[in-house]
Amino acid sequence: MKRYLGTAVVGIICFVLGVVFQRYYDSRRVATDQPPATVVPTEAKGEKVAPAIQYDREPLWAYGFETPAKPGDTATPQAPPTRNLRPNEDPTEQTRLRSVRGSRATYSLVDVRDGHNVIDWFPGDHPSPMPDIIKHGPAAGVANTSRGCGSCHLPNGKGRPENAPPAGLPVAYFMRQLHDFRNGFRKSADPRKPNTVTMTDLAKVMTDEEMRVSAEYFAAIKWTPWIRVVESDLVPKTRIVGNLYLPLAQEKTEPIAGRIIEVPENVEQAETLRNPRSGFIAYVPPGSVEKGRDLVTTGGMRVVGNQIVQGKTTPCVTCHGLDLGGVADVPPIAGRSPSYIARQMWDIQQGTRNGVAVQLMKLAIANLNGEDLVSIAAYVSSRVPPRAVSQQTRVSN
């Protein structure tokens with residue numbers, strides 16, 4: 001009986017908090033909403049904005065770095081899409097046609113690496129044909145801004161740990177993110193992260209129509225599980241390539257040390273061939289999923305006797321839905337990359353990701369520490385997305 005009463009209390013609190021937050025959001029939206037293209041970031045007005053980023057506390061694992069950033073660090077620009085052969089590799093191997101299981105397509109490594117002409121192993125996994133913005137990039141793009149959305153986020157929108165998973169995101173939310181990138185409201189708390197700069201540059205050359213087309217394309221793709229969450233004290237030894245952890249061996253010999261280490265299930269399929277059906281393993285600390293469940297569903301709240309003891313955060317389910325499948329233009333988060341989830345929470349905490357809707361998140365996560373971010377990301381990523389309950393995300397020791 002006590003258990004059911006506790007559940008009921010939590011449900012009522014979540015509902016009340018949801019109403020309060022929605023009213024706050026609505027009031028802010030009425031007061032501040034403008035056509036996104038007309039918003040002028042503070043920097044553009046000549047005002048100095050320099051968030052005091054706590055580099056010493058940064059979850060480096062979420063950004064794919066081994067050492068902390070320093071003030072003044074900048075990102076090394078990503079190489080633009082090209083079909084040039086790599087001088088340090090065998091030309092025959094680079095031009096040899098490859099295949100992946102279940103696909104009728106064949107591509108060479110030159111094709112795979114050409115971000116201006118995105119390969120498509122499985123055309124049936126997404127709306128076809130791919131729009132030009134997804135396959136080739138913005139019409140006005142040149143050099144690094146000529147890459148198609150599908151080159152990084154994959155044609156099925158599942159993305160990878162080092163970037164975002166846009167499949168199934170609400171159109172309004174997706175559009176808002178592109179405008180935030182364009183207007184300088186969304187940056188990385190680690191200034192060395194190169195693909196954030198690339199995303200900003202892409203957003204600046206995209207037309208509103210290209211933004212709409214890409215938003216509707218990704219929104220039409222149902223999110224399905226492809227991340228296997230594993231609780232473990234040990235992880236494989238890894239190396240970092242392009243902010244992505246790649247395992248050097250299958251054996252787990254390195255202490256996880258409070259991190260989440262997200263690696264491909266199959267390096268050749270995911271990294272070399274960019275197979276959008278080859279998923280990832282997320283190694284998380286033992287006990288983190290259960291601790292995350294508490295923070296996500298109750299905010300850490302407790303009922304002691306007849307009194308409610310407030311937790312350290314607002315339950316994530318308040319805004320993202322009881323199944324974490326999103327509500328209206330609040331994004332779905334269930335089953336998505338824990339590296340990405342933690343990275344966004346840290347960016348928001350550090351003041352480098354902004355925008356009207358982000359203000360609610362700032363309030364909700366203000367008191368979370370590094371262990372909390374790990375736990376929330378581990379639990380959220382372990383959840384089976386709505387409408388995909390027939391597929392099980394595994395959590396094992």
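Start with helix 15, whose buried residues are D372, L373, V374, S375, I376, A377, A378, Y379, V380, S381 and S382; buried means under 20% relative accessible area, with a 1.4 Å probe and protein chains only. That is 11 of its 13 residues, so the helix is mostly covered. From first C-alpha to last, helix 15 reaches 18 Å, close to the 18 Å expected at 1.5 Å a residue, where the expected span is 1.5 Å times one less than the number of residues.

A word on the background: this is a predicted model, in which local features need pLDDT of at least 70 and side-chain atom pairs count only at pLDDT 80 or more, while totals for chains, interfaces and linings use all residues. Residues are numbered from 1 along each chain as its sequence is written, and side-chain values use heavy atoms, leaving out hydrogens and water.

Now look at the partner, helix 11 (residues 288-298). Its axis and that of helix 15 (residues 370-382) come within 7 Å and cross at roughly 90 degrees, the axes being lines fitted to C-alpha atoms over the stretch in contact, with angles from 0 to 180 degrees between N-to-C directions. That makes the two helices roughly perpendicular, a label for angles of 65 to 115 degrees. Among the residues that meet here are L295 and V296 of helix 11 and Y379 of helix 15, with contact meaning heavy atoms within 4.5 Å.

Stepping back, the chain has 15 helices and 8 strands, taken as DSSP runs (H or I, at least four residues; E, at least two) numbered from the N terminus. Buried residues make up 51% of its 397 residues.

Definitions and conventions:
Angles under 35 degrees count as roughly parallel, over 145 as roughly antiparallel, 65 to 115 as roughly perpendicular and the rest as oblique. Buried means under 20% relative accessible area, exposed over 50%, partly exposed in between (1.4 Å probe, protein chains only).
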